[in-house]
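These are my notebook entries on one protein structure. I set out to look up selected residues, the nonpolar cores, the pockets and the backbone.

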Amino acid sequence: MRRAGLLALVPALLGAAPPAPPLPITRAVAVAEYPHDPAAYTEGLFIDRGELWESTGEVGRSSVRQVELTSGRVLRQVAVPRPYFGEGIVPWRDQILSLTWQHQRGFRWSRSRLKKLASFGYEGEGWALTSDGRDLIMSDGTPELRFIDPASFKEKRRLRVTANGQPVPRLNELEYVNGEILANVWLTDLIVRIDPATGAVTGLIDVSDLHAKAGTNGTDDVANGIAWDGVGKKLYVTGKRWPVLFEVGVG
């Protein structure tokens, strides 16, 4: 486990906020491995209708793309233009919605043609998106998650995420899985499991073994990207500039 990343978290995540007990930590185990674009600065990941979609960041290199899972080949993509830094994505009806980091601007893309349909605004930073089937759920780098109407992108409410009563910062890529929210914690090899009713972190998933398998050592080459195949009941994870996409089990 990458101790430098873990120690940067709030003490509560390591159970160091007495008298609360440590949160349960499980290790992600690789079930299968697939090629992944090693130049992709992964910001968002999802599987929907049997299709794998990914968004990438960095100014001038940001994109929304459909990827063939087994080969890692980019099937089609659209560039997120300068000066925007692309962030998270989520499917909604026949659209894909994408965020940008610091420009308070998001985009609606047609899923069939990858043409920009419209844009929308929001306050603060944009980090990641997922959906619980009713609302969109957005992270912005703070301990708060926003629940948003997908049609208007108007914020409905916020959920403060805590571990042993302490706020959890740097919530990043999100995925809604079987009634809980999974979130990468930026600059760590941890995924937190969040109760969407209370915001409480119920456990941690350690993906450091996968990071080691990926063989990346850059400061920013951290775990970021969680995709749930609800039909196949399979969970996938990757990271920024990782050459591997992992199907994982949590044991």
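The model I am reading is a predicted one.

**Entry 1. Backbone**

I looked up Leu114 and placed it in the loop between strand 8 (105-110) and strand 9 (116-121). Leu114 is not a glycine, yet its phi is positive, near 55 degrees. Is Leu114 buried or exposed? Leu114 counts as buried because its relative accessibility is 7%, and the cut-off for buried is under 20%.

Arg93 is another residue other than glycine with a positive phi, about 50 degrees. I found Arg93 in the loop between strand 6 and strand 7 (95-100). Its relative accessibility is 61%, so Arg93 counts as exposed.

I also recorded a cis peptide bond between Arg82 and Pro83, with omega at about 5 degrees. Pro83 belongs to the loop that runs between strand 5 (74-79) and strand 6.

**Entry 2. Ser63**

Ser63 is part of strand 4, which covers residues 63-67. I list Ser63 as buried because its relative accessibility is 4%. Which side chains make polar contacts with the side chain of Ser63? One is Thr56, at 2.8 Å; another is Arg65, at 3.2 Å. Leaving out residues up to four places away in sequence, I found that Ser63 touches Glu54, Ser55, Thr56, Gln77, Val78, Ala79 and Val80.

**Entry 3. Arg157**

I located Arg157 in strand 13 (residues 155-160). Arg157 has a relative accessibility of 37% and therefore counts as partly exposed. Arg157 and Arg146 are eleven residues apart along the chain, and 6.0 Å separates their C-alpha atoms. Arg146 is also among the residues that Arg157 touches, together with Leu145, Phe147 and Pro196, when residues up to four places away in sequence are not counted.

**Entry 4. Nonpolar cores**

The largest nonpolar core holds 19 residues, and Leu145, Leu171, Val192, Ile194 and Val201 have the most contacts inside it. I noted which elements give two or more residues to this core: strand 12 (144-148), strand 16 (171-177), strand 17 (180-185), strand 18 (190-194) and strand 19 (201-206). A second, separate core has 17 residues, including Leu235, Trp242, Val244 and Val248.

For Val201, I listed the residues it touches beyond four places in sequence: Leu23, Val161, Thr162, Ala163, Val168, Val192, Arg193 and Ile194.

The largest pocket contains about 390 Å³ of space. Its lining has 24 residues, and I recorded Ile47, Asp48, Pro91, Ser131 and Glu175 as the closest to its centre. At least two lining residues come from each of strand 2 (42-48), strand 6 (86-92), strand 10 (128-131), strand 16 and strand 20 (223-229). Which strand gives the most to this lining? I found it to be strand 6, with four residues. By class, the lining of the largest pocket has twelve nonpolar, five polar and seven charged residues.

The second largest pocket holds about 160 Å³. Leu235 and Val248 are among its lining residues, as are Trp228 and Arg193. Strand 17 and strand 22 (244-250) are the elements that give this lining two or more residues, and strand 22 supplies the largest share, three residues. I classed the lining of the second largest pocket as seven nonpolar, two polar and two charged residues.

Technical notes
Residues numbered from 1 in each chain as written. Predicted model: local features only at pLDDT ≥ 70, side-chain atom pairs only at ≥ 80, totals over all residues. Heavy atoms only, no water. Buried < 20%, exposed > 50% of the residue type's maximum accessible area, 1.4 Å probe, protein only. Polar contact = N/O pair within 3.5 Å; in protein donor to acceptor, adjacent residues only side chain to side chain. Contact = heavy atoms within 4.5 Å. Core = buried A, V, L, I, M, F, W, Y, C linked by side-chain atoms within 4.5 Å. 1 Å grid on protein atoms, 1.4 Å probe; cavity = no way out; pocket = protein on both sides within 12 Å on 5 of 7 lines; lining within 4 Å. Points joined across faces, edges and corners; volume = space filled by probe spheres on them. Nonpolar A, V, L, I, M, F, W, Y, C, P; charged D, E, K, R; others polar.
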